[in-house]
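User: Hi, can you walk me through this one? I have a few quick questions.

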Amino acid sequence: MKRILTSLAAVALAVFQVPADTYTDYIDNFAEMAVAQMSKHGIPASITLAQGLLESAAGRSTLATEGNNHFGIKCHRDWTGDTMLRTDDAVDECFRVYDSAEHSFEDHSLFLKRKRYASLFELDPTDYTGWAKGLKACGYATNPHYADILVTIIEKYGLYNYDTGHIRDIEETAEFIRNMIASSHVVRRSRGLHYVIATPGDTYSSLAAEFGIDVKTLLANNDMEADCEVRPWEEVYLVAKHDEGPEDLRSATIGRDETMHSLAQRFGIKMEALRRYNPKAKDKPRQRLRLHP
């Protein structure tokens, strides 16, 4: 049975407004499941939880609420179960639908045990940074900063504490994490651009104060006119963005939970340039945008 999702704007709004405590609630609810998968399949619990948090917007995405799909796994040729259509890297892509969250977590593990991801299992299961970079290198996601975002989530919530693989430590670890959530941001670099990954509750003014940058400069670097809360896990650039996208990518589609601005942040390209290359484009999901002249 195929379910075609139509209220994309409502979905995007819900994702943008996820309260900060929703992330810790998600961890509380699914940490034991992630640890069980680590014990069974050898995938770091921190990676499973971080991907679940990111891909499902902490369990609030339509894929998660209507399809129990916590990891954004697409149908592929071997899937015979229920499906739903969503715009992601292309229009109306097919995503798997599960009968429970448990089924989604198990299928995520089996999905990563494919030959394509075999190199990941050569890494130490506590090497969450290596796993994050490996997932990006193996093509799990198209976002060029996917690995950095996963690492940010893991370090923000201390998810590496779950990589002991012991279910008996779940309750103790959850309490520890609630008491140690960090407020600092690691400065990262891509294509010569320095940026940080926003965490829940960040505003442009709070980040400007943290890094000693004039708030007007930070707003201009990120094509913003006024201070506001930053979308969780979005890139915030400490320097001016480029006039073009990555050399190896000519175009990109505004995804199911994106706007033209969030796509511009994803690829480190100025909004003025993006509009110039796409003068007739509409700022809505499904829209394909040129990233170069």
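This is a predicted model: local features need pLDDT of at least 70, side-chain atom pairs count only at pLDDT 80 or more; totals for chains, interfaces and linings use all residues.

User: At what angle do α6 and α7 cross?

Analyst: Roughly 150 degrees. The axes of α6 (residues 128-137) and α7 (residues 146-156) come within 8 Å. Axes here are lines fitted to C-alpha atoms, for helices over the stretch in contact, and angles run from 0 to 180 degrees between N-to-C directions. Helices are DSSP runs (H or I, at least four residues), strands are E runs of at least two, and both are numbered from the N terminus.

User: So what does that make α6 relative to α7?

Analyst: Roughly antiparallel. That label is for angles over 145 degrees; under 35 is roughly parallel, 65 to 115 roughly perpendicular, and the rest oblique.

User: Which residues make the contact?

Analyst: From α6, they are Y128, T129, A132, K133, L135 and K136. From α7, they are Y146, A147, L150, V151, I154 and E155. Contact means heavy atoms within 4.5 Å.

User: How do these residues divide into nonpolar, polar and charged?

Analyst: Eight are nonpolar, one is polar and three are charged. Ala, Val, Leu, Ile, Met, Phe, Trp, Tyr, Cys and Pro count as nonpolar; Asp, Glu, Lys and Arg as charged; the others, Gly among them, as polar.

User: How many residues of α7 are buried?

Analyst: Ten of its eleven. Buried means under 20% relative accessible area, exposed means over 50%, and partly exposed is in between (1.4 Å probe, protein chains only). The buried ones include D148, I149 and K156.

User: What covers them?

Analyst: The cover includes α3, α6, β4 (188-190), β5 and β6 (235-237). Just after α7, G158 takes a positive phi of about 60 degrees.

User: New topic. How many residues are in the largest nonpolar core?

Analyst: It has 49. A nonpolar core is a set of buried Ala, Val, Leu, Ile, Met, Phe, Trp, Tyr and Cys residues joined through side-chain atoms within 4.5 Å. Among the residues with the most contacts inside this core are L53, Y117 and L135.

User: Which element gives the most to this core?

Analyst: α2 does, with nine residues. Another core lies apart from it, with 13 residues, among them A264, F267, I269 and L289.

User: Is R266 buried or exposed?

Analyst: R266 is buried, with a relative accessible area of 9%. R266 lies in helix α11 (residues 260-267). Leaving aside neighbours within four places in sequence, R266 is in contact with residues including H145, E235, Y237 and E258.

User: And where is R286?

Analyst: R286 lies in the loop between α12 (271-277) and β8 (288-290). R286 has a positive phi of about 90 degrees, although it is not a glycine. Its relative accessible area is 34%, so R286 is partly exposed.

User: What about N68, what is its phi?

Analyst: It is positive, about 55 degrees, and N68 is not a glycine either. N68 sits in the loop between α4 and β2 (83-86). N68 counts as partly exposed because its relative accessibility is 22%.

Methods
Residues are numbered from 1 along each chain as its sequence is written. Side-chain values use heavy atoms; hydrogens and water are left out.
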